[in-house]
Amino acid sequence: MDVGFWTDKGACDDTAAAFLVKMQGKEVFLFGAAGFGGEAAYFEKILKNTLHKLNSSNTIVCTHMCQGKMPMSVRERYEKMLSAPIHAPNLEGMIENFDKAFSHPDETDLIELKNAASK
Ligand SMILES: Cc1cc2nc3c(=O)[nH]c(=O)nc-3n(C[C@H](O)[C@H](O)[C@H](O)COP(=O)(O)O)c2cc1C
């Protein structure tokens, strides 16, 4: 069974979590999108947190993640924070990541997903 999720606070979203905890004896292809896509290690952490929701009667056939766009309200919030005289040090980097995420999932993400699925 293919299960897709978006990342909410470092793990799958609540709807996906509620679905995953009920699954029994299935072969699972787990696919997720996360706004912060820069590091493979971060994807691994999200997958680990998400796989915890599945009980051991299931078999994980494949896992895959890619970057996904974030709502514009997130960029607006960053911009507002940036305009304050004292603000978080990495806001420019966060805005850069937001803009990078905005075009995802893209063609390459889909090709990588197909490759992962065909393995
Ligand atoms: C409330 C909320 C929490 C989020 N938490 C995270 C997070 O912890 N890590 C992350 O990488 N992205 C986070 N995001 C970004 C989403 O994962 C991103 O928008 C999503 O992957 C897009 O999926 P979609 O293309 O299916 O809409 C969050 C977004 C929202 C709205």
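Biologist: How far does a backbone N or O atom of K9 lie from an oxygen atom of the ligand?

Modeller: The model is predicted. K9 is among the residues that surround the ligand. A polar contact requires N or O atoms within 3.5 Å, and the backbone atom of K9 lies from the ligand oxygen at 3.0 Å.

Biologist: What share of the ligand's exposed area does the protein bury?

Modeller: Residues around the ligand include W6, Y42, K69 and M70. Taken alone, the ligand exposes 640 Å². Of that area, the protein buries 67%.

Biologist: Which three residues supply 75% of the area that domain 1 buries against domain 2?

Modeller: Domain 1 spans 2–68 + 104–118, and domain 2 spans 72–103. About 530 Å² is buried between them, with carbon and sulfur atoms giving 40%. On the side of domain 1, the three residues that supply 75% are F36, Q67 and H104.

Biologist: How many residue pairs are in polar contact between domain 1 and domain 2?

Modeller: The side of domain 1 that touches domain 2 has two nonpolar, five polar and one charged residues. Across this interface, zero salt bridges are found. The count of residue pairs in polar contact, both at pLDDT 80 or more, is three.

Terms used: Residues are numbered from 1 along each chain as its sequence is written. This is a predicted model: local features need pLDDT of at least 70, side-chain atom pairs count only at pLDDT 80 or more; totals for chains, interfaces and linings use all residues. Side-chain values use heavy atoms; hydrogens and water are left out. Domain bounds come from an automatic or database domain assignment. Buried area is the accessible area (1.4 Å probe) that two parts lose on being put together, summed over both. A salt bridge is a side-chain nitrogen of Lys or Arg within 4 Å of a carboxyl oxygen of Asp or Glu. A polar contact is a pair of N or O atoms within 3.5 Å; within protein, one must be able to donate a hydrogen and the other to accept it, and residues adjacent in sequence count only if both atoms are side-chain atoms. Ala, Val, Leu, Ile, Met, Phe, Trp, Tyr, Cys and Pro count as nonpolar, Asp, Glu, Lys and Arg as charged, and the others, Gly among them, as polar. A residue is near a molecule or strand if one of its heavy atoms lies within 4 Å of it. Accessible areas come from the Shrake-Rupley method with a 1.4 Å probe; for residues, only the protein chains shown count as cover.
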